[in-house]
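Please read this briefing with the structure open beside it, and look for each part as it is named.

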Amino acid sequence: MPMIAIPSAAPAHKIDRRIYGQFAEHLGRCIYEGVWVGEGSSIPNKNGIRTDVVEALRHIKVPLVRWPGGCFADEYHWLKGVGPERQAMVNTHWGGVVETNEFGTHEYFELLNQLDAEAYINGNVGSGTVAEMHDWIEYMTLDSTAPMAELRKRHGREQPWKVEFFGVGNESWGCGGNMLPLHYANEYRKFQTYVRQYGDAPITKIACGANSDDFEWTDVLMARAAEHMDGLSLHYYTIPTGEWNGKGSATEFDDYAWYETIRQTRRMEELLRRHGAIMDKYDPAKRVGLIVDEWGTWYDVEPGTNPGFLYQQNTVRDAVVAALNLNSFHRHADRVRMTNIAQMVNVLQAMLLTDGGSLVKTPTYHVFDLYTDHQDAEFVPTPVAASTTPGALGTEGDFTVSRKDGAVTISATNWGLGRELEADFELPGAATDVLRAQILTGAAANSHNTFERPEEVALHDLAVRVDGSRVRFTLPPHSVATVRVAHAE
Ligand code: AHR
């Protein structure tokens with residue numbers, strides 16, 4: 001069985017904690033019910049925000065939350081969502097329901113405050129104006145007596161907030177305006193000019209990037225607008241069938257659909273490499289970050305639910321998909337500075353599902369839990385076992401290694417359905433302490449948590465065999481594990 005040698009400290013890139021970013025859109029039950037219940041609700045809340053959701057998300061150390069969309073962002077007019085009299089609108093993208101705008105800018109920053117997370121706001125280019133975007137930035141970040149800052153104060157917030165990240169449009173090639181790349185590059189240049197920086201805190205500006213393998217989009221944006229951006233986004237979803245009309249069920253799938261899902265997920269590696277190579281051409285110093293601000297599984301909605309709400313269950317398959325994507329982000333973290341899984345609660349590959357006052361943690365949530373020690377750690381490049389040995393980790397599995405606070409964290413995935421894999425690592429010195437050893441799997445590949453059985457898929461202790469500097473453990477089929485070990489140098 002090939003052993004994987006973990007080198008001693010060597011220069012490598014950092015795994016930015018923002019790779020673990022979340023995305024909350026006004027879509028289905030993500031914001032309303034999933035996050036916001038209002039102060040008068042019988043569901044326990046603080047200032048209108050669900051306490052159970054905040055507690056669960058704090059546990060996985062959510063670093064930032066992208067908001068308000070998604071496609072919703074390019075229909076959102078922020079002024080309707082501030083002050084005592086909110087103006088309703090129709091959420092045309094997502095079910096045609098009435099959006100009350102009860103959750104707006106102030107409520108978003110309250111959520112961030114409770115999570116201790118950073119802001120990533122997506123502005124409206126598709127149906128908005130430059131002046132509207134300019135005013136929103138002033139409203140949020142200006143500390144003076146100018147009109148929008150004054151309005152914010154009248155609405156009860158004296159101090160400006162910090163907007164760490166601002167996206168200028170979303171999917172401008174599609175729901176955000178159906179633009180061609182050069183047209184959007186020009187729009188981006190214009191709109192971003194008025195995303196002013198007031199005070200000392202810089203706003204990291206993110207341009208709308210490509211859909212999946214649209215490499216031309218990346219090329220044109222980098223050629224024409226790179227000097228005006230700090231980040232360029234990329235959207236790629238795992239769709240088991242690869243077909244928008246008939247994506248497949250979240251819970252009912254056969255082995256073929258499982259392996260197709262894995263294959264579609266592993267395309268992320270190629271996309272990061274190829275978009276990254278184009279960015280390198282224009283920006284060899286890697287100043288501009290690649291921001292994968294939408295990723296995850298996308299299935300047919302759960303039977304009987306509103307097709308516009310994108311509510312889906314989440315199984316062990318999603319856990320493995322999450323691990324494979326996170327491993328790819330780690331490998332490319334010299335360019336990939338942030339990602340945002342879609343979406344945080346009740347939509348697509350969610351962390352949490354709610355039903356009234358009940359909450360379940362999904363298998364994907366548990367992977368984010370297993371991976372918390374990789375946040376802001378040093379990526380450790382390891383010689384990938386090119387071996388085709390049956391049962392070897394490099395063949396039917398994937399892994400990632402990082403180093404932080406004097407310990408090494410190994411996360412490994414068996415994406416096969418057939419056999420166990422042996423993980424066999426050699427540390428640069430003798431192991432002194434096993435700080436964490438946990439595994440996530442399920443009785444079946446489609447095991448999942450329900451409101452009746454919320455602990456069907458949960459983290460369990462993992463048996464680790466330590467012998468000097470050798471660390472070994474067994475990965476059953478369809479599993480994800482993390483082992484964190486302190487060692488002598
Ligand atoms: O995440 C759901 C939708 O997928 C987003 O609103 C949009 O940006 C993408 O097409």
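In which strand does Gln22 lie? Gln22 lies in strand β2, where a strand is a DSSP run of E with at least two residues, a helix is a DSSP run of H or I with at least four residues, and both are numbered from the N terminus. The model is predicted, so local features need pLDDT of at least 70 and side-chain atom pairs count only at pLDDT 80 or more, while totals for chains, interfaces and linings use all residues. Residues are numbered from 1 along each chain as its sequence is written, and side-chain values use heavy atoms, with hydrogens and water left out.

- Gln22 is buried, with a relative accessible area of 0%, where buried means under 20%, exposed over 50% and partly exposed in between, using a 1.4 Å probe and protein chains only.
- Leaving aside neighbours within four places in sequence, Gln22 is in contact (heavy atoms within 4.5 Å) with residues including Ile60, Leu64, Arg66, Asn340 and Phe368.

**The barrel**
- A closed barrel of 8 strands runs in the order β2-β5-β8-β9-β10-β11-β12-β13 with parallel pairing, and two strands count as paired if DSSP finds at least two bridges between them.
- The twist from one strand to the next averages 25°, with axes taken as lines fitted to C-alpha atoms, for helices over the stretch in contact, and angles running from 0 to 180 degrees between N-to-C directions.
- Strand β2 (residues 21–23) runs parallel to strand β5 (residues 64–67) and is joined to it by 2 bridges; Phe23 has Arg66 in β5 as its bridge partner.
- Helix α7 (residues 255–282) lies across β10, β11, β12 and β13, and runs at about 160° to β11.

**The open sheet**
- A further group of 4 strands forms an open sheet in the order β1-β19-β23-β22, with mixed pairing.
- Because β1 (4–5) and β22 (465–467) stand at the edges with a single partner strand each, one side of each has no neighbour in the sheet.
- Strands β19 (residues 421–426) and β23 (residues 470–475) pair in the antiparallel sense over 6 bridges, and Phe425 stands opposite Val471 in β23.

**The ligand**
- An oxygen atom of the ligand is 2.7 Å from an N or O atom in the side chain of Glu25, and a ligand oxygen atom is 2.8 Å from a polar backbone atom of Cys71.

Methods:
Polar contact = N/O pair within 3.5 Å; in protein donor to acceptor, adjacent residues only side chain to side chain.
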